[in-house]
Amino acid sequence: MNHIIKEVTDTLFAEAKQHPDFKPGDNVTVSYKITEGNKERIQDFRGDVIQVNGVGVTTTFTVRKLSNGVGVERIFPLFSPFVDKIEVNKVGRVRRAKLYYQRNRKGKASRIQEKRVIATAANA
């Protein structure tokens with residue numbers, strides 16, 4: 001039974017879109033397909049990833065943004081056919097896997113420090 005589940009998940013991963021690696025603290029833009037009647041459009045949702053849940057096909061991630069001073073969170077399944085693409089805008093520097101403390105912060109206090117990349121001789 002277990003090997004059947006593994007085969008199914010492996011085939012799903014082979015067919016799934018390849019998204020960039022991201023983690024909590026990163027600022028991402030998720031392009032999401034929305035169907036209204038017979039029309040289909042793509043809407044962008046830009047914010048900070050506050051958590052990544054699940055393993056394999058059931059992986060979900062939560063993105064939080066401030067819209068007119070109100071915090072808006074949206075949970076996206078990573079391998080959903082409605083997720084068109086994911087762009088990583090900034091790589092954040094955090095020390096937690098779940099950033100629930102961001103919900104209590106407002107304004108400048110809610111900023112996440114950007115991770116600095118140190119250029120080495122090999123990279124340059």
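Predicted model: local features only at pLDDT ≥ 70, side-chain atom pairs only at ≥ 80, totals over all residues.
Along the sequence, the protein reads α-β-β-β-β-β, which gives 1 helix and 5 strands.

Let's begin with the strands. They form an open sheet of 5 strands in the order β4-β3-β2-β1-β5, with antiparallel pairing. At the edges stand β4 (70-77) and β5 (83-90); each has a single partner strand, so one side of each lacks a neighbour in the sheet. From one strand to the next, the twist averages 40°. In general, strands of a sheet pair through backbone hydrogen bonds, in a parallel or an antiparallel way.

Now let's turn to the side chains. In soluble globular proteins, nonpolar side chains tend to be buried together. Here the largest nonpolar core has 13 residues, and those with the most contacts inside it are F22, V28, V30, F61, V63, F76 and I86. Two or more residues of this core come from each of β1, β2, β3 (60-67) and β5. The largest share, 4 residues, is given by β1.

Apart from its neighbours within four places in sequence, F76 is in contact with V30, Y32, F45, T59, T60, F61, V63 and V83. V30, F61 and V63 in that list are also among the residues with the most contacts inside the core.

Next comes a loop. G56 is found between β2 and β3. Is G56 buried or partly exposed? Buried means under 20% relative accessible area, and exposed means over 50%. G56 has 21% relative accessibility, so it counts as partly exposed. In sequence, G56 and L78 are 22 residues apart, and their C-alpha atoms lie 9.2 Å apart in space.

Finally, step back to the whole chain. Of the 124 residues in the protein, 27% are buried. Among contacts between residues at least 6 apart in sequence, 51% join residues at least 24 apart. The accessible surface of the protein is about 9,100 Å², and carbon and sulfur atoms account for 52% of this surface.

Key:
Residues numbered from 1 in each chain as written. Heavy atoms only, no water. Pairing = 2+ DSSP bridges. Axes fitted to C-alpha atoms, helices over the stretch in contact; angles between N-to-C directions. Core = buried A, V, L, I, M, F, W, Y, C linked by side-chain atoms within 4.5 Å. Buried < 20%, exposed > 50% of the residue type's maximum accessible area, 1.4 Å probe, protein only. Contact = heavy atoms within 4.5 Å. Areas by Shrake-Rupley, 256 points an atom, 1.4 Å probe, with all protein chains shown as cover.
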